[in-house]
Amino acid sequence: MKSAALAAALAAFTAPALAQEAGWHYSPLAGEGDRATLGCAAGSSPQTFVCLAVRCEDDFSVGVHFYTSRPGGDAGRWRIDIDKEDGHEVEAKLDGSPYHARIEGDVGPLLDALKGGGLAYLDPKAGPDLPLNGITLEGSLQAINQALYFCAPRVPPVPTTPAQ
């Protein structure tokens, strides 16, 4: 009995961390809770990973972030090709989130493509290449919608005046 418990405990420590698990899932990074989802490339591990994070920011805007193990960081120019269609050229800058770099500007078209596509390829325009660069988009629609469900700012109720 003790050996079975020990084996189960050791297996838990050797399994890949959920933060780098392939596919789309909530983000388990500290403080993220249900406000963000990660989509990671097939073959990602705690040591080598390529992920995109979609996050409800503190100001209720939607942020898309790069989160990779690429040496030199994730800030800079990127091209994201979805289903081999015209790529999205983006600029990512460092920010205060737990992810490495946030895409600047209007992410609406990219977000729509991530929700409706089949496969996304990430290509940094400078610096080292990515060891893995294909992220399946299966399950992305549900995962992104769940992460952004509470992102809309709350509006106080409009007071009603009694009928006269």
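Colleague: Which strand holds R55?

Modeller: R55 sits in strand 3, residues 50-56. Helices (H or I, at least four residues) and strands (E, at least two) are DSSP runs, numbered from the N terminus. Residues are numbered from 1 along each chain as its sequence is written, and side-chain values use heavy atoms, leaving out hydrogens and water. This is a predicted model, where local features need pLDDT of at least 70 and side-chain atom pairs count only at pLDDT 80 or more, while totals for chains, interfaces and linings use all residues.

Colleague: Is R55 buried or exposed?

Modeller: Buried means under 20% relative accessible area, exposed over 50%, and partly exposed in between, with a 1.4 Å probe and protein chains only. R55 has 7% relative accessibility, so R55 counts as buried.

Colleague: Which side chains make polar contacts with the side chain of R55?

Modeller: A polar contact is a pair of N or O atoms within 3.5 Å; within protein, one must be able to donate a hydrogen and the other to accept it, and residues adjacent in sequence count only if both atoms are side-chain atoms. The side chain of R55 has such a contact with that of E32 at 2.8 Å, and another with that of E57 at 2.5 Å. For contact in general, heavy atoms lie within 4.5 Å. Leaving aside residues up to four places away in sequence, R55 touches several residues, among them R35, H65, Y99 and L148.

Colleague: How many residues are in the largest nonpolar core?

Modeller: A nonpolar core is a set of buried Ala, Val, Leu, Ile, Met, Phe, Trp, Tyr and Cys residues joined through side-chain atoms within 4.5 Å. The largest one here has 30 residues, and F66, I80, L114 and L122 have the most contacts inside it. Elements that each supply at least two residues of this core include strand 4 (62-68), strand 5 (76-82), helix 2 (108-116) and helix 3 (140-148). A second, separate core has nine residues, including L29, A36, C40 and F49.

Colleague: How should I read a pair of aromatic rings?

Modeller: Such a pair is described by the distance of the centres and the angle of the planes. Rings of Phe, Tyr and Trp (its six-membered ring) pair if their centres lie within 6.5 Å; planes under 30 degrees apart count as stacked, over 60 as edge-to-face and the rest as tilted. By this rule there are three aromatic pairs. The rings of F66 and W78 have centres 4.1 Å apart and planes at 15°, so they are stacked. F66 is in strand 4 and W78 in strand 5, so the pair ties together parts twelve residues apart in sequence. F66 and W78 are both buried.

Colleague: What about Y67 and Y99?

Modeller: Their ring centres are 5.7 Å apart and the planes lie at 85°, so this pair is edge-to-face. Y67 lies in strand 4 and Y99 in the loop between strand 6 and strand 7, so the pair ties together parts that are 32 residues apart in sequence. Both tyrosines are buried, and F49, Y67 and Y99 form one aromatic cluster.

Colleague: At what angle do helix 2 and helix 3 pack?

Modeller: Axes are lines fitted to C-alpha atoms, for helices over the stretch in contact, and angles run from 0 to 180 degrees between N-to-C directions. Helix 2 and helix 3 pack at about 130°, with axes 7 Å apart. That makes helix 2 oblique to helix 3; angles under 35 degrees count as roughly parallel, over 145 as roughly antiparallel, 65 to 115 as roughly perpendicular and the rest as oblique. L111, L114 and K115 in helix 2 meet S140, L141, I144, N145 and L148 in helix 3.
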